[in-house]
Amino acid sequence: MAAGFNEEDFIITLTILSTVFVLCFLGFQVLSTPPQRYVVMYLVSEDGTALSRNATALHLGDRLKVLVILENHMARQIRVELDTLIAGNLSSSPAPWDGGLRLQEQVLTVDDGGTSAMPMTLVVTRASTEGDLIAVEEIELNGVKIPVMVESGTRNQTLRFIFRALIWNDVEGRYVPEWNDGQDDHSSWLQIWFELLPGVGI
Amino acid sequence: MRHWRTLVACVLITSVAIRLVPGLSYRQPYGFDIYDLMSRVVPALTAGKFKTDLPQGPLLYYLLSEFAILGGASLETISSFLAPSVLALSVLPAIIYTKKAFKDEPAAIVSGLLAATTNVIVHQTGGTVVWEGLGTLFAGFALTLLIQTNLKDPKVIALLCMTVVGTLVSHHLTTMNVLLGLGVAALFLTARRGIRSREAYKPILLTILLGVAALSVWTFVIPRYTIEVIGLTAANANVWTLLGGGALAATAILASYRAVTAKRARDLWTTRPFTLGVLVFAASVAMPLLLHYSGGINAEILMTTLFLGVPMCVVYVPLFVIGLTSAINGRIDGRLLTFVLAFPTACCSLTIFLIFQPGLGVLAYREVSFMLYSLLPIEGLGLMEVVRKGTPARRYIAAFIIAYSILALASTSYPPRSYLMGLDETYRPSDLRISEIAVNAILSTSPIDTDIRIGNVILYLSGREVNWVSNVTYWTSPGPAWLGKSAAAGRPLDIPSNVSFIIFSETMLKSNGGVVVDLLSRRLYPLPDEALVYLERKPGVSKIADAGTALIFQVMRRQDEAAPPKTKP
């Protein structure tokens with residue numbers, strides 16, 4: 001085979017081999033890069049823009065209106081349980097929702113490429129203060145009054161509403177907080193800090 | 001040579017294929033600069049004129065606009081597929097340059113293959129769509145015309161003027177390289193033939209003309225950027241860095257002049273290419289390790305140097321030594337050798353000079369691609385010299401070894417972040433979607449903090465109508481805001497009052513091997529994981545968007561601000 005292998009044979013072999021190798025590399029890269037799958041969750045005010053800076057300084061009875069939007073890019077239909085929680089003082093747990101009280105859970109189905117927008121109207125309807133502590137005793141969520149007991153400091157935006165998406169897992173047969181994007185596990189949750197100011201809202 | 005056209009076609013296919021790897025894999029543009037580039041094109045497509053400066057040179061902006069208008073495709077599609085394919089044509093001047101320089105068709109094909117697959121050349125000529133790619137394409141054609149002996153022919157002169165002007169309006173640094181290369185050629189020819197010789201005065205004249213044109217364009221047409229970088233280099237330098245850099249740059253020029261004027265070179269290595277290759281491999285691994293363990297370079301730069309540098313050195317250094325020896329001993333015309341060596345010499349000198357300048361040494365990497373590109377004729381000649389001296393059996397084996405080396409060069413064109421100082425030039429769809437949400441939901445006046453990677457995307461999506469507080473207008477940056485400063489400090493700092501929104505990406509996190517991308521003239525730092533925990537647990541900082549890999553935080557009313565007055569009807 002190699003006998004009589006002249007410089008022209010060399011350059012033809014080198015060029016063809018290099019072209020084939022590079023095309024194989026291209027094919028490998030394309031096939032080994034699966035499209036990313038992901039879930040997006042975000043919240044905006046009713047007009048679709050981010051909340052104003054003062055929107056989270058609430059008086060008793062003030063309405064905090066937000067849209068929680070969920071987008072599905074998982075290449076399959078997903079069933080989601082959206083939990084709404086209220087939390088006060090931060091716990092030492094790394095999960096920010098630990099210690100939070102569940103106000104509501106909504107189950108929804110989102111098609112691949114689809115979007116779901118859930119309007120949320122949150123009102124603190126009853127609270128009591130004692131010294132530097134404030135205790136939220138009742139919340140109205142989308143018109144439903146829910147008794148709660150959450151304590152926090154009276155100032156500095158230390159109360160939170162948390163929105164957390166749990167996704168149905170067929171293998172485990174339950175809603176789980178993690179979803180996989182093809183490489184890593186992620187979870188979807190949002191959090192609005194708010195402050196309860198003295199007085200009654202309009 | 002038989003099959004010439006087929007081989008050129010194969011080289012072109014290889015060139016296009018390797019440059020389409022990111023586009024076909026991710027189906028979106030690759031690299032940070034393309035989003036900055038597109039952000040300046042978007043207003044032109046909607047308002048009919050460019051609203052901002054066109055840094056580095058206007059031609060690529062015009063070209064992208066015309067592709068979008070005439071082709072009707074989106075800017076993302078053009079930047080992912082069409083622009084890399086067009087910039088892949090930069091292999092053609094490399095083939096013509098070698099063919100004209102040494103009248104050696106197999107060497108020309110080798111040059112083309114190396115131009116098509118060398119990692120740093122791929123990165124700068126279509127792997128990422130940057131101004132340099134277009135500049136290199138024009139500069140390559142300018143080099144092929146400059147080595148023509150008949151510079152009297154008006155057609156050649158007209159073509160040369162067109163290619164030089166093309167380079168000038170494409171990219172400032174490539175223009176600088178051509179300018180310096182012409183200067184070095186003029187210097188060599190003057191030293192050899194005298195200033196009054198016909199051979200010397202033409203490059204001198206060309207250098208003066210291009211120099212005046214370049215200065216005029218940089219001062220009046222694309223103000224700020226080029227002159228500013230030169231000014232900053234000078235401002236950061238001191239007499240020792242200037243003298244040290246200048247002295248070593250002059251040494252490189254003198255060594256090159258010695259090669260041009262040498263009557264004969266020792267051909268010790270031409271008969272031992274394999275030994276030379278092994279020695280270069282050992283040296284290219286040992287030197288960065290030595291520098292690392294002596295404290296000269298950090299671990300990130302070490303990994304990058306080894307990943308990109310070792311395959312490059314193993315292919316380029318032995319072939320250069322053998323090619324240059326062969327060119328000298330083959331009695332190649334002195335004028336020709338002067339031009340072939342002048343451009344890589346100019347780039348090498350500028351690289352050495354820049355390495356010595358504080359803060360701007362990292363810019364030296366941009367010189368490497370053009371230096372290697374202008375070395376291609378000697379590389380092609382070097383390989384063919386080895387092949388011609390070998391036996392048929394060795395030629396046969398060499399074809400496979402070189403093909404594997406070319407694959408090694410090509411496959412390192414898109415380094416992952418662990419081999420690129422933490423930089424991730426790939427965008428995940430979730431990163432792009434979170435940027436889109438930010439642009440749609442956040443008022444254009446609200447100050448946003450993010451890094452250059454995401455910042456260029458929000459500039460593009462908003463048509464530059466976004467208040468990115470740590471925006472980098474190339475060299476006039478106000479500097480990083482919270483993300484950059486916390487990364488540099490290694491701990492989360494207080495959020496400054498000029499930040500209302502923070503767009504975070506997991507590519508910034510230390511635990512992911514990422515960095516907060518800033519100007520390359522600054523050191524890049526990873527964002528400590530505590531910074532993300534700080535944002536998630538800081539009262540008053542709400543998390544308003546979550547795409548898994550990227551998040552948006554909103555700084556609500558600050559703790560030190562007075563509560564809004566309560567209004568009652």
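**Entry 1: helix 17 of chain B**

Helices are DSSP runs of H or I with at least four residues, strands are runs of E with at least two, and both are numbered from the N terminus.

I noted that the model is predicted: local features need pLDDT of at least 70, side-chain atom pairs count only at pLDDT 80 or more, and totals for chains, interfaces and linings use all residues. Residues are numbered from 1 along each chain as its sequence is written, while chains are lettered from A and ligands numbered from 1 in the order in which they are written.

I then checked the length of helix 17 of chain B, residues 334-355. The expected span is 1.5 Å times one less than the number of residues.

Of the 22 residues of helix 17 of chain B, 17 are buried, so the helix is largely enclosed by the rest of the structure.

**Entry 2: chain A against chain B**

I counted two residues as in contact if their C-beta atoms, placed from the backbone, lie within 7 Å. Chain B brings 65 residues to the contact and chain A brings 59 residues. On the side of chain B that touches chain A, helix 19 of chain B gives the most, with 13 residues. By class, that side has 41 nonpolar, 12 polar and 12 charged residues. Ala, Val, Leu, Ile, Met, Phe, Trp, Tyr, Cys and Pro count as nonpolar, Asp, Glu, Lys and Arg as charged, and the others, Gly among them, as polar.

I found that strand 1 (residues 38-44) of chain A pairs with strand 3 of chain B in the antiparallel sense over two bridges; pairing requires that DSSP finds at least two bridges. Met41(A) has Asp546(B) as its bridge partner.

**Entry 3: domains**

Domain bounds come from an automatic or database assignment. For chain A it gives domain 1 (1-33) and domain 2 (38-200), with 57 Å between their centres, taken over C-alpha atoms.

Definitions and conventions: Buried ≥ 20, exposed ≤ 12 C-beta atoms within 10 Å, placed from the backbone.
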